[in-house]
Amino acid sequence: MLSVKLPLALLTLTMLLPSCCTCTCSGSSSGKIKKGILNSYLFKAADRFYPTTEISSADKFPRLNDKQLKEIEQEMADLLKTIQKLHSKEYNYVNKVFVGRALAKADAKIKITSRNVPICQVAPDNATIELDVKIAQALFRGALLDYFDHTDVFFREQFLKVSDIKPDEPDREGKIIKTFMKKKSEIERTATHTCVGDVFDMVSADRLEESSWPQLAGVGLSSVGLMNRYQGSALFMIAHEYGHIVLQHRERLKKAREEGLKEKDPIAAECQARAGLESEADTYAVVLLTNLQGPIPMEMVGMDKITGYDNFFRYVYQLGGFPEDRQQDCSYPDLDQRRILARSVEEAIWQKKEDALSMELDKQFIKLIEKSQ
Ligand SMILES: [Zn+2]
C-alpha cells in the first residue's frame with residue numbers, strides 16, 4: 001500500500017500547488033531547475049521586498065509598484081484556489097469534523113493593500129480576503145528566520161552558509177537576508193544548459209560538483225525546506241481566513257452577540273465567542289492542510305512545514321505587527337496556546353490516518369494469506 005500511495009501523495013501535491021515545489025524533479029536540465037528556483041514565490045518575494053543589496057533594515061516597508069502588487073495578488077489567489085479545491089475535495093470529511101456547519105463552497109477573492117498596516121482579514125462583504133504588503137513581507141522574513149532556527153545544520157549549510165551569524169547577534173535578520181540575497185545572485189550567475197549540455201558539462205568539469213546540474217539540483221533540494229516554510233505559512237493564513245467564510249463565522253458571531261445580550265456580561269460573552277471562532281478557523285486550516293499531504297507526513301519525504309502554523313505563530317504573527325494580546329477589545333488566545341492547539345489537531349489526524357492505514361494493511365495481509373492457502 002505504501003509504495004502505491006506515496007507517489008500518489010506527491011502527485012496530488014504537485015498538481016495542487018503552484019510551481020515552487022516541482023522545481024527539483026529529476027530529469028530536468030540545469031536550465032529548467034534554475035528557472036524553477038528563480039520563479040519560485042520565495043525568490044520573487046526577495047526581489048520585491050529587498051530590491052537592492054543595501055539592506056538598511058529588515059522591516060523597512062517596501063515601496064511596490066502596481067505590477068508587483070498585482071503579482072502578489074495573483075500568487076495569493078493561486079493559493080486560495082488550492083485551498084478552495086481542497087475544501088471541495090475534502091468537503092464531506094470537513095463538514096463532519098465541524099458538525100454540519102461548513103458550506104459546500106463559498107466565493108472568495110484576494111485584495112492586496114499597501115498601507116503598512118497589520119491586516120489580513122475578511123472584508124464586510126464576507127468574500128474578500130484583504131491582505132497588506134506588510135504581512136506578505138512578514139511571510140518572507142518568517143520563512144528565513146524559521147529556516148535559520150529550525151533546520152538541521154547540515155541541510156541548512158548546503159544552501160545558506162549562516163553558521164557565522166550567532167543567534168543573539170544584533171541585526172541578525174538583516175545579515176540572514178543579505179546571505180540569502182548573495183546566494184540568489186550566485187544562482188543567477190550560474191551557467192545553465194540543456195539536458196545534453198549538462199552531460200557534457202559534467203564530463204568536462206574537472207570536479208563533478210563544479211558542473212551546473214549537481215550544483216543547482218543540490219540548491220533546489222536544500223532550499224525546499226525554506227520554500228515550504230514560505231508557502232506553508234501563506235497557505236495556513238489564507239486557509240484560516242477562508243475558514244471564517246465557509247464556517248459562517250460572521251453569521252454565527254452575530255447570533256452569539258444577540259444571545260449574549262441576555263447574559264450578565266454581554267462583552268465577555270462576545271469575546272468568548274470570538275476566541276472560539278478564531279480557534280475553529282485555526283483548526284479548519286490545520287485539518288485541510290494536513291489532508292493536502294495524503295496518507296503520509298511530508299516530512300518523511302523531505303517536504304515538511306506545509307501545514308505552516310508553526311512558522312506563522314512563532315514568527316510571522318509578530319513580524320507582521322499583529323497585536324498579540326488584544327483584538328476588537330477582547331483579550332486574545334495566547335500565540336503559544338494557538339500553536340499547541342494546532343499541533344495537537346495535526347497529531348490527532350495523523351494518528352487516525354496511521355490507524356486506518358494499518359487496518360488496511362492488515363486486511364491486505366489476511367487476503368494474501370487466504371490466497372496462499
Ligand atoms: Zn481569524
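Student: How many helices and strands does the protein have?

Tutor: The secondary structure comes to 14 helices and five strands. Please keep in mind that this is a predicted model.

Student: What is the mean pLDDT, then?

Tutor: The mean pLDDT of the protein is 81, and 80% of the residues reach 70 or more. Over residues 1-26, however, the pLDDT is below 50. That stretch has 45 contacts in the model beyond near neighbours in sequence.

Student: How should a stretch with low pLDDT be read?

Tutor: Where pLDDT is low, the predicted coordinates should not be read in detail.

Student: Understood. What share of the residues counts as buried?

Tutor: Of the 373 residues, 34% count as buried. As for contacts with a separation of 6 or more, 71% of them are between residues 24 or more positions apart.

Student: Let us turn to the strands. What is the order of strands in the open sheet?

Tutor: The open sheet has three strands in the order S1-S3-S2, and the pairing is mixed. S1 and S2 are at the edges and have a single partner strand each, so one side of each is left without a neighbour in the sheet. From one strand to the next, the twist averages 20°.

Student: Which way do S1 and S3 run, parallel or antiparallel?

Tutor: S1 (residues 109-113) and S3 (residues 128-132) run parallel, joined by five bridges. Ile-110 has Ile-129 of S3 as its bridge partner, and Ile-112 has Leu-131 of S3.

Student: And S2 with S3, parallel or antiparallel?

Tutor: S2 (residues 120-122) pairs with S3 in the antiparallel sense, over three bridges. Here Cys-120 stands opposite Leu-131 in S3.

Student: How many residues lie between S2 and S3 in the hairpin?

Tutor: There are five residues between them. Asn-126 lies in this loop and has a phi near 60°, a positive value in a residue other than glycine.

Student: What is phi for Gln-248?

Tutor: Phi of Gln-248 is near 55°, again a positive value in a residue other than glycine. Gln-248 is found in the loop between helix H10 (212-246) and helix H11 (249-260). With 18 C-beta neighbours inside 10 Å, Gln-248 also counts as partly exposed.

Student: Back to the sheet for a moment. Where is Lys-111, and what is it in contact with?

Tutor: Lys-111 is in strand S1. Leaving aside neighbours within four places in sequence, Lys-111 is in contact with Thr-128 and Glu-130. Lys-111 and Glu-130 are 19 residues apart in sequence, while their C-alpha atoms are 4.9 Å apart in space. Lys-111 is partly exposed, since 14 other C-beta atoms lie within 10 Å.

Student: Which strands does H6 lie across?

Tutor: H6 lies across S1, S2 and S3, and runs at about 70° to S3.

Student: Now for helix against helix. How is such a pair described?

Tutor: Two packed helices are described by the angle between their axes and the distance between the axes. For H3 (residues 41-49) and H6 (residues 133-149), the angle is about 120° and the axes are 10 Å apart. H3 passes H6 in a left-handed crossing.

Student: Which residues meet there?

Tutor: Leu-42, Ala-45, Ala-46 and Phe-49 in H3 meet Gln-137, Phe-140 and Ala-143 in H6. By class, six residues of this contact are nonpolar, one is polar and none is charged.

Student: And at what angle do H12 and H14 pack?

Tutor: H12 (residues 266-292) and H14 (residues 335-372) pack at about 35°, with their axes 9 Å apart. Their crossing is right-handed. The contact includes Asp-282 and Val-286 of H12, and Arg-338 and Glu-346 of H14. This contact has six nonpolar, three polar and three charged residues.

Note on methods
Residues are numbered from 1 along each chain as its sequence is written. This is a predicted model: local features need pLDDT of at least 70, side-chain atom pairs count only at pLDDT 80 or more; totals for chains, interfaces and linings use all residues. Axes are lines fitted to C-alpha atoms, for helices over the stretch in contact, and angles run from 0 to 180 degrees between N-to-C directions. Helices (H or I, at least four residues) and strands (E, at least two) are DSSP runs, numbered from the N terminus. A crossing is left-handed if the near helix is turned anticlockwise from the far one by less than a right angle, and right-handed if clockwise. Two residues are in contact if their C-beta atoms, placed from the backbone, lie within 7 Å. Ala, Val, Leu, Ile, Met, Phe, Trp, Tyr, Cys and Pro count as nonpolar, Asp, Glu, Lys and Arg as charged, and the others, Gly among them, as polar. Two strands pair if DSSP finds at least two bridges between them. pLDDT is the predictor's confidence in each residue, from 0 to 100. A residue is buried if 20 or more other C-beta atoms lie within 10 Å of its own, exposed if 12 or fewer, and partly exposed in between; C-beta atoms are placed from the backbone.
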